[in-house]
Amino acid sequence: MPLYLAFAVGFLGFVSISAARVVLSLYALDLGAQPFAVGMLVAMFYAFPLLLSWPLGALSDRIGPRWPLLFGAVCGACGMAIPYFLPTLPAMYVAAALSGLALAIMHVIVQNLVGVISKPAQRARNFSNFSMLGAATNFVGPLVAGIAIDHTSYATACLFVVVIWLASGVFLLARGKVLPGSTGRSASTTRILDTLANREIWRTLTTSSLAQLGTDLFQFYLPIHGHAVGLSATAIGAVLAAFALASFAVRVVLTRLIARFGEEKLLAYSFYLGAVGFLMVPFCNTALPLALVSFVFGIGMGCGQPITLMLMFSHSPQGRSGETLGLRLTANNVMRVLGPAAFGSVGSAFG
């Protein structure tokens, strides 16, 4: 039961984040925002995860996961309610920041919960299921956002996301007592320099952050490109959903692929497919070709984060895997903050 609750809360939270990214990006474009402004908007989603991924894990150890997760759900709901009442670009920046705070809480704590709840023999399988759940939310979120926008309005679509966040909060209030409690320990002294002295840690951090950057840029540029060529919000959501569908499909067979090719070789192949996806986007101006390109991109980059998670765990110093995985999330979020803003400038300058 605790594992299923963790998956349910994570699913609802990640669907909300995925939908919020699409809703706010398209809402900002509809209000006349330039690509640079949209890039800054997307970057706001990852400001709090950049700053708080590490300490949030220690906080969860001290007070348990239930109340931080509930606080995250409230932040996400309040954030997405703001653009409904204040349809302005500054309000969307606030909404993105609060959604990012909710993301930081959800990502760190739910990932840690999966590891804490799982028995050692089940841990690999449960982490694999967790990665598939993440891929599924990237499919559901954009689809929900696109349909909500086309059948209601941008402002009302924000309320759809609020309802999903509230559903997550209801689950936590009703069943949250089954989650593990606090360990009663304070955070241990962190030895970041010792961790970073490991060359394999550096290689994995770099690869993980590049995989994250590629995925986020693809999801950032596609709504802008789709809007520029006249696609509807539903079509844009379906194209992004094709990426998520491919990510989910490849993660189902990921264990077999690793057994055949090895982790590092498979990771290299995933970057090659990602490059092909980026190369083909400018030549596709209708929904079906873009969906096919998105699917190919998803097959490649869908391998990136699960493999780097496994590599990071295997290279972690004894007894400090949580610290090392928190470092990985921090590095990923550095790219998530800097990447969309930097490449949004490129889009504004060159198209």
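**Buried residues and ring pairs**

Reader: Which residues is Thr308 in contact with, leaving aside its neighbours within four places in sequence?
Author: Contact means heavy atoms within 4.5 Å. Leaving aside residues within four places in sequence, Thr308 is in contact with Thr204, Thr207, Ser208, Leu267 and Arg328.

Reader: What kind of model is this?
Author: Residues are numbered from 1 along each chain as its sequence is written, and side-chain values use heavy atoms, with hydrogens and water left out. Local features need pLDDT of at least 70, side-chain atom pairs count only at pLDDT 80 or more, and totals for chains, interfaces and linings use all residues; the model is predicted.

Reader: Is Thr308 buried or exposed?
Author: Thr308 is in helix α14 (residues 304-314); helices (H or I, at least four residues) and strands (E, at least two) are DSSP runs, numbered from the N terminus. Buried means under 20% relative accessible area, exposed over 50%, and partly exposed in between (1.4 Å probe, protein chains only). Thr308 has 0% relative accessibility, so Thr308 counts as buried.

Reader: Which backbone oxygen does the side chain of Thr308 reach?
Author: A polar contact is a pair of N or O atoms within 3.5 Å; within protein, one must be able to donate a hydrogen and the other to accept it, and residues adjacent in sequence count only if both atoms are side-chain atoms. At 3.1 Å, the side chain of Thr308 reaches the backbone oxygen of Gln305.

Reader: Which members of the largest nonpolar core touch the most other members?
Author: A nonpolar core is a set of buried Ala, Val, Leu, Ile, Met, Phe, Trp, Tyr and Cys residues joined through side-chain atoms within 4.5 Å. The largest has 85 residues, and those touching the most other members are Leu24, Leu26, Leu69, Met80 and Trp165.

Reader: How far apart are the C-alpha atoms of Leu69 and Ala6?
Author: Leu69 is in helix α4 (residues 66-85). At 1% relative accessibility, Leu69 counts as buried. Leu69 and Ala6 are 63 residues apart along the chain, and their C-alpha atoms are separated by 10.0 Å.

Reader: Which residues does Ser99 touch, not counting those up to four places away in sequence?
Author: Ser99 lies in helix α5 (residues 89-117). Its relative accessible area is 0%, so Ser99 is buried. Residues up to four places away set aside, Ser99 touches Ile17, Ala20, Phe45 and Met80.

Reader: What is the angle between the planes of Phe218 and Phe278?
Author: Rings of Phe, Tyr and Trp (its six-membered ring) pair if their centres lie within 6.5 Å; planes under 30 degrees apart count as stacked, over 60 as edge-to-face and the rest as tilted. The structure holds eleven aromatic pairs. Phe218 and Phe278 form an edge-to-face pair, 5.7 Å centre to centre, and the angle is 80°.

Reader: How far apart in sequence are the parts that the pair of Phe218 and Phe278 ties together?
Author: Phe218 lies in helix α9 (residues 199-228) and Phe278 in helix α12 (residues 263-280). So the pair ties together parts whose separation in sequence is 60 residues.

Reader: Is Phe297 buried or exposed?
Author: Phe297 also forms an edge-to-face pair with Phe278, 5.2 Å centre to centre. Phe278 is partly exposed, with a relative accessible area of 32%. Phe297 has 0% relative accessibility, so Phe297 counts as buried.
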